[in-house]
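Please read the following walk through a protein model slowly, with the structure open beside the text.

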Amino acid sequence: MVNVSTISGACFLVFWIGMYTYAAQSPFAGREGPISYDPLFYPNLLILGGFLLSLIVLIKGLRTKEITSKPGFRAFGVMAIAGLYLLLLKQAGFMISSFVLIVALAAFSGYRKPFPLLASAAALTVVTWLVFTQLLQAPLPAFPRI
Amino acid sequence: MSGLEVITSAAELLFSWQAIIALVGGTLLGVAIGVLPGLGPAVGVSLALPLTIGMEQIPAITMLLGIYAGSVYGGSVTAILINTPGTPSSAASCLDGYPMARKGLLGEALGYAAFASVFGGIVSTVILALSAPQLAEWALEFGPSEMFALAVFALTCIASVSTGSIAKGLLTGIFGLFLAVIGQDVFTGETRFNFGVFELSAGLSLVPILVGLFALSEVFTRLASPDIAEAVPDTPTNFRFPGVSAIKGIWVVLAKSSIIGTFLGILPGIGPTTASFVSYAEARRTSSKPETFGQGNPEGLVASETANNAVTGGALVPTLALGVPGDPITAILLGALVIKDIAPGPSLFIQHGDLVSALFMGLLLVNVILLPIAKYFAAIWRRVLMLPEPLMLSGVTMLIGVGVYTLNNSLLDMATVFTAGVVGYLLRLARFPLAPIIIGFVLGRMIEENLRMGLIVFDNDVSAFFLRPIPLTLYALSVVFVFWPLIAGMFQRRRARKQV
């Protein structure tokens, strides 16, 4: 069975190959002159080192019977809620998005007491808003942009 | 400036009401973060970093130092109360701290832990103040080849001693170095690896990467597989500091553990967890009652807590004197210094002597105010431990979002923190260490600049990098660090064969 080390080694290999291909297509690839002034000299060194190490991780993964946990449904759910919040914070506004985030994330993670949940979410949102806007003078988008 | 003028100027910088509020607030916040299991100093300092963006230099740095030292101490409270270390560095404190609490000595255990933490923190700060300027003065003579070798050595050490295999550590270190390549080339000004995204031309920001890697990935890990919470005992705290006669009985352990913690803190990658276990083992080895260790011997608790707090000062020695961080937390502090227009390294002590002195005094003050905080907030930490984890981590996610948003109001930063969170979570699952990514990212520019500057100086002769004594020694040490597990394994096999 393929283990997580093998998969991660393979993912890193694909990453370094992708980076090398991208570097090879850049306008300053193959430019003549001293290596100290070559913008790709150092990145290519890193790509080579990364490629070799990924290969070692992949081979070691294939040779060992390592048991590692896999991300489950709950992990993807948590990531989806957090990701939506981070990407929509500016558009949806701080108040609504933060309140919804706390309620949704805590409920999804197994917290099942509606009144304390709603009260804590409202209090946390308002206190954070006050700390950032009044104490730290950091502007936040209060409500959705219409 | 004379020595006295430097100290007066430093005191003026430190004793402003903003700096004092930031210092006390940071220390309180740090202890609270340390008390919460899983949220260690790295998460605390990375979460607080965005808050410091609008602050002056000294309040911002003292707040982060307060969080750093406070959270290392906070971990011991959880270890003593519920036998679960609040931070990994307090794991050794469970061994004797929890049995003391079970024996009805909860207040005494908390008092010993606080006193030992403060003692270790103060001794290491004094060593930092005495040794860092000397190291910086010596390092002033370093050229590009020495600086390059030093950065490579630090990264190799951290990658080698991190959890997981060496290959995984080195791979994540190179990944961190590569992330630092994105953006403009330091020598020609040409944009590299921006993938057609204009915002990437300025490179990736440190804060979203480290908040994502350390804080957000921790939230994902904890919420994806929640632990069953330990019951918090409802016995009264009765906090009590050790008396004079008790201190007389532990002063040798205090002194030895402070030295062990500071020395191991100076070495890159070792960290407070190893320091506390080494110190615990040494205290047990030299104790007159080694059989009582693990059954509530205060010496064990003192050894662990003194050493892990002494690491804070030790880890700052290479960070301030050489600009080379020894662990993720000092890497974050280094990033904070850079954001505040303070360039750590040999010239820092010449250019900003008053500022460095203010930082030393700030770290001393953090340790001193830990004593009243430990005593008067002891009952509150029990309540903090009762917070439902899903609710607490949802709040942390909100703080991550808001903190990163307020940096630049940038969608790229938000995407970066999310991507770093997901990558960090997946790397944790595959048992890759995360610290080398941050160290690599922080050291990336320094490594490239010194490599290419050295090539220019040595007329593109790569061999010149290996012909000087300091770089040669550092490369040799790097090789030993990388291959040490293989060498040790070989010796073990040979010994086993001989025994057979």
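Chain A is divided into domain 1, covering residues 4–63, and domain 2, covering residues 73–135, with the domain bounds coming from an automatic or database domain assignment. The centres of domain 1 of chain A and domain 2 of chain A, taken over C-alpha atoms, are 39 Å apart. This is a predicted model, in which local features need pLDDT of at least 70 and side-chain atom pairs count only at pLDDT 80 or more, while totals for chains, interfaces and linings use all residues. Residues are numbered from 1 along each chain as its sequence is written, chains are lettered from A and ligands numbered from 1 in the order in which they are written, and side-chain values use heavy atoms, with hydrogens and water left out.

Consider next what lies in the interior. A nonpolar core is a set of buried Ala, Val, Leu, Ile, Met, Phe, Trp, Tyr and Cys residues joined through side-chain atoms within 4.5 Å; here buried means under 20% relative accessible area, whereas exposed means over 50% and partly exposed in between, using a 1.4 Å probe and protein chains only. The largest nonpolar core has 198 residues, and those with the most contacts inside it are F94(A), F193(B), L320(B), F349(B) and I400(B). Helix α4 of chain B, residues 57–82, gives the most to this core, with 14 residues. Helices are DSSP runs of H or I with at least four residues, strands are runs of E with at least two, and both are numbered from the N terminus. Domain 1 and domain 2 of chain A each give at least three residues to this core.

A113(B) is found in helix α6 of chain B, residues 106–139, and it counts as buried because its relative accessibility is 0%. M147(B) and L322(B) are 175 residues apart in sequence, and their C-alpha atoms are 8.6 Å apart in space.

Charged side chains come next. Side chains of opposite charge can pair when their charged atoms come close. A salt bridge is a side-chain nitrogen of Lys or Arg within 4 Å of a carboxyl oxygen of Asp or Glu, and the structure holds 11 salt bridges over all chains. Which residue forms a salt bridge with E218(B)? The partner is R222(B), with the closest N and O atoms 3.7 Å apart, and both residues lie in helix α9 of chain B, residues 206–224, where they are 4 residues apart, about one turn of the helix. E218(B) and R222(B) are both buried, R222(B) having a relative accessibility of 10%. The side chain of R222(B) also meets that of E389(B) in a salt bridge, at 2.1 Å from N to O. This pair links distant parts of the chain, since E389(B) is in helix α17 of chain B, residues 389–408, and R222(B) is in helix α9 of chain B, 167 residues apart.

R285(B) forms a salt bridge with E282(B), the closest N and O atoms being 3.1 Å apart. These residues are about one helical turn apart because they are separated by 3 residues in helix α11 of chain B, residues 271–286. R285(B) is exposed, with a relative accessible area of 62%. Elsewhere, salt bridges that share partners join D185(B), R192(B), E448(B) and R452(B) into one network.

Finally, look at some loops of chain B. V462(B) lies in the loop between α19, residues 435–457, and α20, residues 469–499, and it is partly exposed, with a relative accessible area of 43%. N460(B) is found in the loop between α19 and α20 of chain B, and it has a positive phi of about 60° although it is not a glycine. N409(B), in the loop between α17 and α18 of chain B, the latter covering residues 411–429, has a positive phi of about 50° and is not a glycine either.
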